[in-house]
Amino acid sequence: MFGRSRRFLCAVLVGALCVGAAGAADATGNLTPKGAQAYLDAIAQLQGQYGTASIASKDSPLSGMWQGLSLAQLVDFDGDGTPELYCGSFSGQHLYTYDGELVDLKIPERVSNFGTDVSPTTLLYIDADKAYLVDGYEVMNGGEVQYLTKQGNQMTAALTYVDAIGENPDGTWGAHICTVNGQPVSSEELESALAQLTTGMTEKNYSYWDILSEQDTVEGTVQQTIAALRALTNPTAVVSSHKVTVDGEPVSLAAYEIGGNNYFKLRDLAQALSGTAAQFEVAWNGAAQRIDLTAGTAYTPVGGELAALPTGSKAAALTKASVYLGDTALELTAYEIGGNNYFKLRDLGAALDFAVQWDGAAQTVAIDTDAPYTE
């Protein structure tokens, strides 16, 4: 019953009834490496629960249908620049966001059904500042369909409709009995309404059947999303060619560049800042298995600081190195590169409160230990 030509909206009702939505994307956006790792962990957990994507064999009752975790897409539902992770399987669907930790957005457990009695479909509408997940079972003659979007850390219905088939006044069958957000509307008003809601949006209509049709295929989406996330958690690090100054004086401070940011060894940076207003000590806390920083204390060299790095690039892997400033655990992005941990300079500037500026003309990173950190 649910055809592509009928996914529209009532112009009269949209303004009064549609919840405002903001944000959509199909890439990693400003997702942090830790967020990417959380999404990868979620995908791995779901693959353990549902299995990996495969097509059911010919002797299976679900012959010709994708089984296991078959669909994974990054979609920014609220326009904050951080995409959510949608995962779909014939057996269920999940939606996660990352806000310092992984959050399950609690969407309906079942994948929607818009065609035949067995027609699992994930339907998304996406544009530059909002996205909708269409959820429902319209094929069940009068089942409720919702356009879900993200509000805070929950999914809410921007619009709900029903389109049932009933009896015409003359006793014949085939009348459309329609509502939008509980209010009766004509079939034409429903069609106009759905069109208004999704005007200018890109439709992604994924079928879990392995058939050639107007629908998008789920094939490869999981691996494509994993690859995009691993570009954040396991990037290529290139030796930085940028110059570095501390309080206006040039220093020899080797770094790796990852994603447009410079990453330094803690001990190298501590050595370079020793004697300044932002000096700090670095010590390994064996009992707690963590790195302890002490602000305002001169650094004690252990040897090997400020050594040059070999030219070229190296594989990097996100590390969960535990670093404390006094009794406070720091949220630092760090990568293991060639057996050493390298930390994002701006994270350290924010934690230790020193300014980090970029001089594009001079290709220089300027550290000002007398100025506070600003984004």
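Six strands close into a barrel in the order E16-E19-E20-E27-E26-E23, with antiparallel pairing, where two strands pair if DSSP finds at least two bridges between them. The twist averages 40° from one strand to the next, with axes taken as lines fitted to C-alpha atoms (for helices over the stretch in contact) and angles running from 0 to 180 degrees between N-to-C directions. This is a predicted model, in which local features need pLDDT of at least 70 and side-chain atom pairs count only at pLDDT 80 or more, while totals for chains, interfaces and linings use all residues. Residues are numbered from 1 along each chain as its sequence is written, and side-chain values use heavy atoms, with hydrogens and water left out.

**Strands and their pairing**

- Helices (H or I, at least four residues) and strands (E, at least two) are DSSP runs, numbered from the N terminus.
- Strand E29 (residues 364–368) pairs in the parallel sense with strand E17 (residues 243–246) over four bridges, and here Lys243 stands opposite Thr364.
- E29 is also joined by five bridges to strand E28 (residues 355–359), the two running antiparallel, and Thr364 is the bridge partner of Asp359.
- E28 and E29 form a hairpin with four residues between them, and Gln363 in that turn has a positive phi of about 50°.

**Helix H6**

- In helix H6 (residues 345–352), the buried residues are Leu345, Asp347, Leu348, Gly349 and Leu352, where buried means under 20% relative accessible area, exposed over 50%, and partly exposed in between (1.4 Å probe, protein chains only).
- Asp353 follows H6 and has a positive phi, near 60°.

**Salt bridges**

- The structure holds seven salt bridges, each defined as a side-chain nitrogen of Lys or Arg within 4 Å of a carboxyl oxygen of Asp or Glu.
- Glu331 forms a salt bridge with Lys34, with the closest N and O atoms 3.2 Å apart; this pair links distant parts of the chain, since Glu331 lies in the loop between strand E25 (328–329) and strand E26 (334–337) and Lys34 in helix H2 (residues 33–50), 297 residues apart.
- Glu331 is exposed, with a relative accessible area of 64%, whereas Lys34 counts as partly exposed at 26% relative accessibility.
- Asp78 and Lys150 meet through their side chains in a salt bridge (2.7 Å, N to O); Asp78 lies in the loop between strand E3 (69–75) and strand E4 (84–89) and Lys150 in strand E10 (residues 145–151), so the pair ties together parts that are 72 residues apart in sequence.
- Both residues of this pair, Asp78 and Lys150, are buried.
- A salt bridge also joins the side chains of Lys204 and Asp216 (3.8 Å, N to O), linking Lys204 in strand E14 (residues 202–207) to Asp216 in strand E15 (residues 216–217), twelve residues apart.
- Lys204 is partly exposed at 24% relative accessible area, and Asp216 counts as partly exposed at 25%.
- Asp127, Asp129 and Lys130 are linked in a network of salt bridges.

**Cysteines**

- A search of the whole structure finds zero disulfides, a disulfide being a pair of cysteine sulfur atoms within 2.5 Å.
- Cys87 is buried, with a relative accessible area of 0%, and Cys178 is buried, with a relative accessible area of 4%.
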